[in-house]
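The exercises below are meant to be worked with the model open beside the text. Try each task before reading its solution.

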Amino acid sequence: MSRSPTGWGDGQASPGGGRYNMPVEQWICEPCGFIYDPEEGDPDGGIPPGTAFEDIPDDWSCPVCGAQKDEFEKLED
Ligand SMILES: [Zn+2]
C-alpha cells in the first residue's frame with residue numbers, strides 16, 4: 001500500500017518538487033470502511049490504477065457494500 005519511494009512527505013513541502021503528480025488522496029466508505037486507494041483504483045469496478053477519486057464516474061459504487069460516491073469521506077492526516 002504505502003510503498004511509494006518518492007511520495008511527498010519527506011519534510012516540508014518542496015516548492016519545486018511537483019513532478020510526482022499521482023493522486024494520493026484516499027477516501028473511505030463510511031458505511032463499510034472500505035478505503036479507495038487511487039494507486040490501486042478499482043479494476044473490478046472498471047477504475048484503472050492511478051484514478052483520483054474525483055475522477056471516478058458518478059455511477060460507480062463501493063465494491064464492498066454498494067454505497068454511492070457521496071457516502072465516502074476523504075481521509076486526511
Ligand atoms: Zn462500502
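**Exercise 1. Determine which atoms coordinate the zinc ion and what geometry they form.**

Solution. Begin with the donors, which are N, O and S atoms within 2.8 Å of the metal (3.2 Å for Na, K and Ca), bearing in mind that water is not among the atoms, so sites may look incomplete. In this predicted model, where local features need pLDDT of at least 70, side-chain atom pairs count only at pLDDT 80 or more, and totals for chains, interfaces and linings use all residues, the search returns the SG atoms of Cys29, Cys32, Cys62 and Cys65, at 2.2 to 2.4 Å from the zinc ion. Residues are numbered from 1 along each chain as its sequence is written, and side-chain values use heavy atoms, with hydrogens and water left out.

Next, read the spacing of the donor residues along the sequence, which is C-x2-C-x29-C-x2-C. Then turn to the angles: four donors count as tetrahedral if all angles lie between 85 and 135 degrees, and the angles here are 104 to 114 degrees, so the arrangement is tetrahedral.

Finally, check accessibility, where buried means under 20% relative accessible area, exposed over 50% and partly exposed in between (1.4 Å probe, protein chains only). Cys62 is buried at 4%, whereas Cys65, at 39%, is partly exposed.

**Exercise 2. Work out the order of the strands in the sheet and the bridge partners of Ile28.**

Solution. Strands (E, at least two residues) are DSSP runs numbered from the N terminus, and two of them pair if DSSP finds at least two bridges between them. E1 pairs with E3 in the antiparallel sense over four bridges, and with E2, also antiparallel, over two.

For the individual residues, Ile28 stands opposite Glu73 in E3, and its bridge partner in E2 is Ile35. E1 and E2 form a hairpin with five residues between them, and Gly33 in the turn has a positive phi of about 90 degrees.

To separate the faces, recall that side chains in a regular strand alternate between the two faces of the sheet. In E1 the covered face carries Trp27 and Cys29, while Gln26 and Ile28 lie on the uncovered one.

**Exercise 3. Classify the aromatic pairs formed by Trp60 with Tyr36 and with Phe72.**

Solution. Rings of Phe, Tyr and Trp (its six-membered ring) pair if their centres lie within 6.5 Å; planes under 30 degrees apart count as stacked, over 60 as edge-to-face and the rest as tilted. By this rule there are seven aromatic pairs. Tyr36 and Trp60, with ring centres 5.8 Å apart and planes at 70 degrees, are edge-to-face. Tyr36 lies in strand E2 and Trp60 in the loop between E2 and E3, so this pair ties together parts that are 24 residues apart in sequence.

Trp60 and Phe72 are 5.5 Å apart, centre to centre, with 50 degrees between the planes, which is a tilted pair. Phe72 belongs to strand E3, twelve residues from Trp60. Both Trp60 and Phe72 are buried, each with a relative accessibility of 4%.

Technical notes: Tetrahedral: all angles 85-135°; square planar, octahedral: opposite > 155°, others 65-115°.
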